[in-house]
Amino acid sequence: MGSVAALYRYPVKSMLGEAVSAVTVTERGFRGDRTYAVLDGTGAVGSAKHPRKWGALLRCRSRWDDRGRVRIVLPDGTALPAEDPELDVRLSELLGRKVFLSAVAPEHSRLERAVPEYEGGVPDVVRESASVDATGTSITTGSVAQGTFLDFGQVHLLTTASLARMREAHPAGDFDARRFRPNLVVDTGGEPGFPEDTWPGARLRAGEALFRVVVPTPRCVIPTLGHDELPPDPGIMRAVAREHRVPVLDLGRLSCLGVYLDVLEAGTVRVGDTITLC
């Protein structure tokens, strides 16, 4: 049904990541993905889903070097290894408060999300529970997946067909895949529409790895923000909300693009590998 068009991993949550030609998939997802996160003293996990508080993280880049260490490139071009204590100082300066890099997810972590104004951005029941924080932002609060820095699924998949469909629906929008921070981009050829809508519950083989498609991926504010050389584009998520709201578990119809996967069999996946549904 397609082939692997691109592979991405993000060593530090909510920082820019790296494109790779091959990746090892473990039982926990892509090796090296979301290994670290920036935390503060309240137990909040740094996420650009709350742009006023954490959006500056998207101005940093994280990557694995040849020695198997994560290096972070700060907005001024300074590159520091994750273990360097100077990094916490620099990140605290960048964010305007004391923060630190961690490879351990707090037992009682907190993940804050800005509530979008458009309908379908969050479940209605969640919107009703939102509160306004010190930044003046209406937010909801949840947690990361147990023992990880992942939001929900172990791997996030996006199809070229869905991106193409959104470009047709909103030609003024910049639907570069990187805005949506996928792990796996699948080239579905000329297949129209949103083919992944029918995949939940199916098994998907990519290279040596086998996945189970779990649920559509609800979208947040992050695709509208600037990513590297990609400028902010506030119309992106309004277009998704208008064109593609689908049922997600028992949460109602939400603005979605892509699907979350769980890993059934570990192995290596390479760009160009065939994708099959089982």
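User: Which residues lie nearest the centre of the largest pocket?

Analyst: Rolling a probe the size of a water molecule over the atoms shows where empty space is left. In this predicted model, local features need pLDDT of at least 70, side-chain atom pairs count only at pLDDT 80 or more, and totals for chains, interfaces and linings use all residues. Residues are numbered from 1 along each chain as its sequence is written, and side-chain values use heavy atoms, without hydrogens and water. Of the 39 residues that line the largest pocket, Lys-49, Arg-113, Asp-151, Pro-218 and Tyr-260 lie nearest its centre. A pocket is an open set of points on a 1 Å grid over the protein atoms alone, where a 1.4 Å probe fits, with protein on both sides within 12 Å along at least five of seven lines; lining residues have an atom within 4 Å of a point.

User: How much space lies in the largest pocket, and which element gives the largest share of its lining?

Analyst: The space is about 870 Å³, and strand S16 (209–218) gives four residues, the largest share. Strands are DSSP runs (E, at least two residues), numbered from the N terminus.

User: Where is Phe-152, and how exposed is it?

Analyst: Phe-152 sits in the loop between strand S12 (138–142) and strand S13 (155–159). Phe-152 counts as partly exposed because its relative accessibility is 42%, and that class lies between buried (under 20%) and exposed (over 50%), with a 1.4 Å probe and protein chains only.

User: What is the volume of the second largest pocket, and how many residues line it?

Analyst: The second largest pocket holds about 330 Å³ and is lined by 14 residues, with Val-115, Pro-116, Glu-117, Val-221 and Thr-224 nearest its centre.

Key:
Grid points are joined across faces, edges and corners, and a volume is the space filled by probe spheres set on the points.
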